[in-house]
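Dear colleague,

I am handing over the structure below, together with some notes on its charged side chains. Please read the notes with the coordinates open beside them.

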Amino acid sequence: MRKSFVCFGAVMALFLVGSALCASSPYTVVKPDPQAVAAATKWLSVVDAGNYAQAYAMLPARIRSGGDALEKQWLDSYRARRTPLGGTLPRKFAKAYFGRTLQGSPDGYYEFLYYKTSFQHKAQAIESVVLTKESGHWQVSGYRIH
């Protein structure tokens with residue numbers, strides 16, 4: 001009986017800590033901005049086609065300002081991570097968040113779009129696309145496959 005109470009207490013503590021973390025999150029679940037979705041869809045189609053140099057060119061100037069070495073590193077990284085997955089099969093929007101801060105970036109407007117995606121060589125994945133509105137329109141500033 002005592003063991004049950006200890007387990008219950010541990011579960012409740014984790015629940016309360018998790019709830020507190022969620023409550024203090026700087027991001028809000030939102031209905032995605034249609035312009036952000038359009039920008040993400042366009043950028044993802046470029047990546048899906050394997051046009052990584054074009055995808056890099058679509059990033060905000062702040063990100064591209066690192067010079068040729070950064071561009072080469074970015075292109076090599078995306079080729080290494082994305083190409084082995086093969087073609088994109090179904091991609092379904094999952095959720096969106098909005099925030100004014102992003103670690104390592106200036107304060108601004110950020111939309112985080114999450115997609116449930118299948119690839120030829122990876123049956124289940126989550127793609128996260130970070131968009132920023134630095135120049136008056138949404139641009140992809142980050143991408144990750146989980």
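A residue is called buried when its relative accessible area is under 20%, exposed when that area is over 50%, and partly exposed in between. Glu134, with a relative accessible area of 37%, is therefore partly exposed. Please keep in mind that this is a predicted model.

Over the whole structure, the search finds 6 salt bridges. In one of them Glu134 pairs with Arg62, and their closest N and O atoms are 2.5 Å apart. This pair links distant parts of the chain, since Glu134 sits in the loop between strand 4 (122-132) and strand 5 (139-145) while Arg62 belongs to helix 4 (residues 61-64), 72 residues apart. Arg62 is itself partly exposed, at a relative accessible area of 31%.

Arg91 takes part in two further contacts that I would like to set side by side. With Glu127 it forms a salt bridge whose closest N and O atoms are 2.6 Å apart; because Arg91 lies in strand 2 and Glu127 in strand 4, the pair ties together parts that are 36 residues apart in sequence. With Asp48, the side chain of Arg91 meets in a salt bridge at 2.8 Å, N to O, and here strand 2 (residues 88-99) is linked to helix 2 (residues 34-48), the two residues being 43 residues apart.

As for accessibility, Glu127 counts as buried at 0%, whereas Arg91 is partly exposed at 26% and Asp48 is partly exposed at 30%. Finally, Asp48, Arg91 and Glu127 are linked, along with Arg82, in a network of salt bridges.

Note on methods: Residues are numbered from 1 along each chain as its sequence is written. This is a predicted model: local features need pLDDT of at least 70, side-chain atom pairs count only at pLDDT 80 or more; totals for chains, interfaces and linings use all residues. Side-chain values use heavy atoms; hydrogens and water are left out. A salt bridge is a side-chain nitrogen of Lys or Arg within 4 Å of a carboxyl oxygen of Asp or Glu. Helices (H or I, at least four residues) and strands (E, at least two) are DSSP runs, numbered from the N terminus. Buried means under 20% relative accessible area, exposed over 50%, partly exposed in between (1.4 Å probe, protein chains only).
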